[in-house]
Amino acid sequence: MINYLFQKKNISKVPFCTINKYQLLEIQEKEIKIIQQKLQLKKDNLYLHIPKTKFNPRFHPLQNEQKYNAQISQNLYQWQQTAFKNSKKQLLMHDLPFQTYGEPHFGHFYNRIQQDIATRFAVLQGIKVTQQIGFNLHGQTIQNQALFEDLEEKKELIKYSDDQIREIAQKYAHKSLDKIINQYKKWGLMYDFYQAYLTSHNSYQKGVLEAFNQLVEEKRIFVDQQICLWSIKYRRSLDDDESEMQLRQKPTNFVCLEIINYKESEYLKDLIRQNKIKKLFVIITINELYQLNSLRAVEINENVEYGIYQMNNGIIFILSRKRFKQHRLYFKEKGAKLIGIQTGRQISQLQLFEEVFQRKINFLNTDQFAINEKFGSGIRSVIPGNNIDDFTLGQKLGIIQKACIDEQGRFTYEKEVPEGLKGLQINNGEANRYIQDLLISKNLLLEGIHELVEINEYIDKKSKEKLILRTQPTVFCMLPNFEKEDFIEKINIVPQNTIEETYSHIKNMLKQKTNKWAISSKAQWGIPIPIFIYKHNTTKYLIDKSIIQHNIQIFQNEGCLSFFNKSIIDLLPQKYKNQSHLLEKANFVFDIWFESGCSWYTQLKSQENEEQNTPTLKQADLSILGTDQCDSWLLSSSLLCIGLREEPFISDESVLATCQVLQYLPQLQVLFLGLDSITLKAETLNQCFQAVSKSAKISNISLSIIHNKIQDSGIEQLAEGISSFQNKNLRKLNLILISNEITSVGAQKLAQAVQKIQSLNTLQVSLYANKLGAEGAQQISEIMLPQLQNFHLDLYFNNITDIGARSLSNKLINMQNLTELKLNLDFNYILNEGGQYIGESLKKLTSLKALNLGVATKNFGTSGFEHIANGISNLVNLEELRLACGVNKLGPFGINYLKIAFSRLDKLKKLDLDYYENSLGDPNGKKVNELLDALGNLEELNLNFAFNNLLDYGTIQILKGIQRLKKLKKLKLDFGSNEIDDDSVESILKEVDIISKQVDQFQFEFLNTAITKEVSEKIRQRYQDINNIKVSVNSNVSKEYLENKKNKKEQKQQKQQQQ
């Protein structure tokens, strides 16, 4: 420090000893003060000299919100209503009544802000804006939520009276309304919430009843059954958004129904005479035996083969042949043998008899291929009263939909319910046990046959209670068909270029809607429907316009809640008062969406005509809503228009705008359009593609149309639309056209259109389960363009013969640029000759890196397969191969051919070989072992050797061969439906353990074998904690089978000892 000070002051250095310490300290202090003064900044230099302003730079959100919110929202709305009162330009926006439960979320914010932008823009143009916003305070969901909160608060289960439920729901609804309005106000929306309409207002309730009265006058109202999700615990129905669906595995029941009427089936009549058969049965499956109460029909598939089998005990039954094989061990021990074969179409005219509820049952025919062969018996139960899908089917076909289950989940005391079942509970199993004992006593239940099926169970989201499906009386409106078709054409949707692509949905929903429209609910909280029921006959209802008109006055003066409090005599007009002692209230309230759908009817009446008591309806100019409202409010509003024969409540000159457009088409590059299982006009397909083709950037299109029955006329329109891409840069086209009744005519039109798109390098076409035939195969082969690099063609089950295979092969030879090919010819009528054509064409495709070939035709033969294998052997660049060659009885010969072919495929890394049901035999497992030696570079392997008569030796040989594949990372094996039993399983599992240590992923299946339940459970426990292996095993054997097997084994040992 001393040296530093001398240097700073240029003081010459003097000997240190001449300066005392006091002098040094003085010098130090002076220098420090000088340095501090230099470093100190003037205070004035710290200020920024900017212009002064009155604006407060401090943000006070709460104060500012209170100060400015009303000015930019409510006050602005009221100002423009006054300022533009006489303006010729006016905009009337009608909004659905918002349901008052839950908190407003981002979806609500998104919709409301867009609506707010539209209204503010109109005000800037000098247009008077009138917004009709509303809130719905009723409904099952609000009632359930209110009761749930009340129960949570009281911490005990209470049985509420109907009046208590309404009181609790009313308080909850108004409390929720206050919360929602406060939240909306914070968003700064240009609304006047004091002018909002509420469904609790007398005027709104009166309007709903007036709309209903018009439907009554048109004789459109009636009462019928409707299915619902029901809580036994709380004795109420639940809405869809209050429940969740879970997939559960449960054992199914195999039930015999006797054939009582053979009608025109001469084959079965002759079979009965020749075999001296007294009774012939059809086997159906049903998940819960109590569901037999709503069994009204059975469904088959016209394309499926059904076998007629005779068992040792003399019972003769009809069952899908495929499902018979799946349960062959059970039927083998019963001595079942095949005595006849019929298609679904041939047995579809039979009439059956169900023993428990004493009903006649008819067949339904379906054209959905193999829908019923995935599980069960290949014959499906149709139970409209206990299944949502079947209920819808029943509506379309006029099948009775009633289920005899009451609110407590017990069988009712109606005549059709057997005496022993009346009052039995369905959820605790007592009803199932009664029916099971009854069926067993009459030998109508197949015992010992085990099969787990996945079923949908519905759970209450809050209480986690398992819900049941039951029917209850419901008020319906019958819609006029001819009015519906005309109405659809009057709905306008924007943006115009996305009509068909995005919002044709609402039009399709209207078209698919059955004439029966459910408009009531059994909730206690809602607007009551003035319908009465006769005490002596609970199926007879009193519905009369004079009663409705009488109650309209009551609703207007006292509100709808007075209906619940008044006596029946006060609710009836003079002409019916003398019947009051015979009647009771039917306790229907209007469904939430009917009530909301009346909003346009109650709010759009012309004021000037109300004094004349002939109010007319005016139309709104605009309604903005999200896509989810199309399924509910817009649909119900449109249905009410149809029922009342009114014009759409949105004017023709204006539009119905939707605010969640999926894609802005001019910028679109990739489009997936899913139109599965909906009714389409043929020209819709053309319009879809015409609209999409306007996008300059579109390069990838995928269209899915499954089970639509568009037929050749629809394909013709689709082809016109595809042709619009002729001069575009479309690179990839995927057409999924499964089960649409397309013939050779449609195939020709489709091929002609695809040929025009020369820019394609990837083409994928699925014509699964259509009706092409040999001629159709020749026509569709024209889509096999030489420039394609990736080509998929699925012709599963199309009645294609060798001639069709030749047409396809002739075109395939010219596709030299292919690197990926999928060709599915499963379940056609291709024989050895067709196999030769296919094999020769494969030889030419030397650039292939991935091949997926399906030739499971049932008729192929070893000679045809040899040509296929020879063709594959020439594909030396192949890296991925999937080969499905099941059900061809190839035996060990097919394995020999594949061994030769695989020996040349040095680059093969992924193999999926489906050798299902090919009569391989246990000794020939050794041949598979040798085949695997040629696959040393495999990284992924999937082998299916189900139904191949394998025992422990053959299975172990295959597993040992796999152990030599040192590069293998992923493995899946299926040895299901073979003769693997408890004695052999341990030695098999030792080999499985070795493989599991070599691979990253291993899935091993041996379902429907001869393994017992006890051993199956031990196997599951053995592998449940091992991450890289998943073992699927079940038991399909009975004690009788095991005892017979044990006896045979002992007899064999005794013979050997005697010898």
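Student: Which side chain does the side chain of E217 make a polar contact with?
Tutor: Keep in mind that this is a predicted model. E217 lies in helix α8, residues 202-217, and leaving aside its neighbours within four places in sequence, E217 is in contact with K545 and Q549. Of these, the polar contact, at 3.4 Å, is with the side chain of Q549.

Student: How many residues apart in sequence are E217 and K545?
Tutor: In space, E217 and K545 are 6.3 Å apart, C-alpha to C-alpha. Along the sequence, their separation is 328 residues.

Student: Is E217 buried, exposed or partly exposed?
Tutor: Buried needs under 20% relative accessible area and exposed needs over 50%. E217 has 41% relative accessibility, so it counts as partly exposed.

Student: Which backbone oxygen does the side chain of T119 reach?
Tutor: Start with where T119 sits: in helix α5, residues 106-124. T119 is buried, with a relative accessible area of 0%. Leaving aside neighbours within four places in sequence, T119 is in contact with M93, V129, Q131 and M190. The backbone oxygen reached by its side chain, at 2.8 Å, belongs to D116.

Student: What span does helix α14 reach from its first C-alpha to its last?
Tutor: Helix α14 covers residues 430-441, which makes twelve residues. At 1.5 Å a residue, 16 Å is expected. The model comes close to that, with 17 Å.

Student: In α14, how wide an arc do the buried residues cover around the axis?
Tutor: The buried residues of α14 are A431, N432, I435 and L439. They sit on the same side of α14 because their arc around the axis is only 95 degrees.

Student: Which residues are exposed on the other side of α14?
Tutor: The buried residues of α14 have cover that includes β7 (253-261). Across from them, on the other side of α14, the exposed residues are D437 and S441.

Student: Which residue with a positive phi follows α14?
Tutor: The phi in question is near 60 degrees. The residue that follows α14 with this value is N443.

Student: Is the aromatic pair of F135 and Y184 stacked, edge-to-face or tilted?
Tutor: The structure holds 29 aromatic pairs, and this one has its ring centres 6.3 Å apart. Planes under 30 degrees apart count as stacked and over 60 as edge-to-face. Here the angle between the planes is 40 degrees, and the pair is tilted.

Student: How many residues apart are F135 and Y184?
Tutor: F135 is in strand β2 (residues 128-136), whereas Y184 is in helix α7 (residues 162-186). F135 is buried at a relative accessible area of 1%, and Y184 is buried at 1% too. The pair links distant parts of the chain, with a separation of 49 residues.

Student: Which cluster do ring pairs link F135 and Y184 into?
Tutor: Ring pairs bring F135 and Y184 together with other aromatic residues. The cluster is F98, F109, F135, Y184, W187, Y191 and F193.

Student: At what distance from the ring centre does R470 lie over the face of W230?
Tutor: There are two cases to look at here. K585 lies over the face of F563, at 5.3 Å from the ring centre. For R470 over W230, the distance from the ring centre is 4.5 Å.

Key
Residues numbered from 1 in each chain as written. Predicted model: local features only at pLDDT ≥ 70, side-chain atom pairs only at ≥ 80, totals over all residues. Heavy atoms only, no water. Helix = DSSP H or I, 4+ residues; strand = E, 2+ residues; numbered from the N terminus. Buried < 20%, exposed > 50% of the residue type's maximum accessible area, 1.4 Å probe, protein only. Polar contact = N/O pair within 3.5 Å; in protein donor to acceptor, adjacent residues only side chain to side chain. Contact = heavy atoms within 4.5 Å. Expected span 1.5 Å × (residues − 1). Arc of directions from axis to C-beta. Phe/Tyr/Trp six-rings, centres within 6.5 Å; stacked < 30°, edge-to-face > 60°. Lys NZ or Arg CZ within 6 Å of the ring centre and 35° of its normal.
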